[in-house]
Amino acid sequence: TATPTTVAAATCRQDIATASTPSLLISNYSSMEDAYDNDQHGHATYECASILIEEFQQYDKAEPYLWCVLDHCADCDAGEMCPTTIVGLDTTAHCQSAVWNYLGFVSRKKEVPDYVHATTYYRTALDLWPENCGAMAYSMELFLTTGNATAARAMHTAFCDACGPDDLEAAVVAELGSCPTPAPVASDAARGRGPAASTGVLMLL
């Protein structure tokens with residue numbers, strides 16, 4: 001997948017990725033939901049969030065950043081700048097689903113994993129967009145991590161019906177098997193898990 005080369009991506013790598021997490025936060029935040037200092041560092045973008053997660057694995061830093069991105073998803077249906085247009089998602093529901101999916105991912109990958117909130121965030125992502133294949137795949141991984149084999153098998157069935165076998169991680173296949181039969185091909189946006197920001201489609205991990 002091509003590496004994003006936009007000005008925003010370059011600024012993200014130069015300024016946000018190299019900054020310490022505390023330096024990006026306001027001094028009196030009440031939770032991660034309102035912690036990112038957008039007045040000082042600019043509005044958060046989905047493109048930069050994906051860089052922090054996919055390229056730098058800065059999961060703790062990405063958490064407050066993603067909450068700021070989520071706030072801007074309402075702009076999609078209002079005909080304004082949509083954070084996820086860069087990955088081919090142009091509605092508020094799809095944008096919110098993509099961000100909730102990433103929030104679930106960073107919640108289970110950060111230094112002190114939070115599996116309870118990760119479960120809630122993945123569920124929210126799928127409520128908003130039931131064919132979000134990335135959220136289904138990541139939910140399977142979470143269920144296996146937490147020992148919920150029944151939920152993992154149910155999600156495996158749903159994933160295979162909607163998305164097909166291509167996106168399953170080796171560890172999931174080892175535990176649950178490959179999808180048994182060819183499935184209808186979902187859209188590129190639904191099948192992806194993270195962004196290929198420069199191409200307007202989602203990257204398969």
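Colleague: Is Arg 108 buried or exposed?

Modeller: Keep in mind that this is a predicted model. Arg 108 sits in helix 6, residues 92–109. Its relative accessible area is 8%. Buried means under 20%, so Arg 108 is buried.

Colleague: Which residues is Arg 108 in contact with, leaving aside neighbours within four places in sequence?

Modeller: Contact here means heavy atoms within 4.5 Å. Among the partners of Arg 108 are Tyr 122 and Tyr 138, which also belong to one aromatic cluster with Tyr 59 and Phe 105.

Colleague: Where is Thr 146, and what is its relative accessible area?

Modeller: Thr 146 is in the loop between helix 8 (133–145) and helix 9 (149–162). Its side chain reaches the backbone oxygen of Phe 143 at 3.3 Å. Thr 146 counts as partly exposed, because its relative accessible area is 42%.

Colleague: How far apart are the end C-alpha atoms of helix 9?

Modeller: Helix 9 has 14 residues. At 1.5 Å a residue, they should span 20 Å. The model agrees: the end C-alpha atoms are 20 Å apart.

Colleague: What arc do the buried residues of helix 9 cover?

Modeller: The buried residues are Ala 151, Ala 152, Met 155, His 156, Phe 159 and Cys 160. They lie on the same side of helix 9, because the arc they cover around the axis is only 165°.

Colleague: What covers those buried residues, and which exposed residues does the face turned away carry?

Modeller: The cover of the buried residues includes helix 7 (115–128), helix 8 and helix 10 (170–176). The face turned away from the buried side carries the exposed residues Thr 150 and Asp 161.

Colleague: How many aromatic pairs does the structure hold, and what is the geometry of Tyr 36 with Tyr 65?

Modeller: The structure holds eight aromatic pairs. In the pair of Tyr 36 and Tyr 65, the ring centres are 5.1 Å apart and the planes are at 75°. Planes over 60 degrees apart count as edge-to-face, so this pair is edge-to-face.

Colleague: Which helices hold Trp 67 and Trp 100?

Modeller: The rings of Trp 67 and Trp 100 are edge-to-face, with centres 5.3 Å apart and planes at 90°. Both residues are buried. The pair ties together parts 33 residues apart in sequence, because Trp 67 lies in helix 4 and Trp 100 in helix 6.

Methods
Residues are numbered from 1 along each chain as its sequence is written. This is a predicted model: local features need pLDDT of at least 70, side-chain atom pairs count only at pLDDT 80 or more; totals for chains, interfaces and linings use all residues. Side-chain values use heavy atoms; hydrogens and water are left out. Helices (H or I, at least four residues) and strands (E, at least two) are DSSP runs, numbered from the N terminus. Buried means under 20% relative accessible area, exposed over 50%, partly exposed in between (1.4 Å probe, protein chains only). A polar contact is a pair of N or O atoms within 3.5 Å; within protein, one must be able to donate a hydrogen and the other to accept it, and residues adjacent in sequence count only if both atoms are side-chain atoms. The expected span of a helix is 1.5 Å times one less than its number of residues. The arc is that of the directions from the helix axis to the C-beta atoms. Rings of Phe, Tyr and Trp (its six-membered ring) pair if their centres lie within 6.5 Å; planes under 30 degrees apart count as stacked, over 60 as edge-to-face and the rest as tilted.
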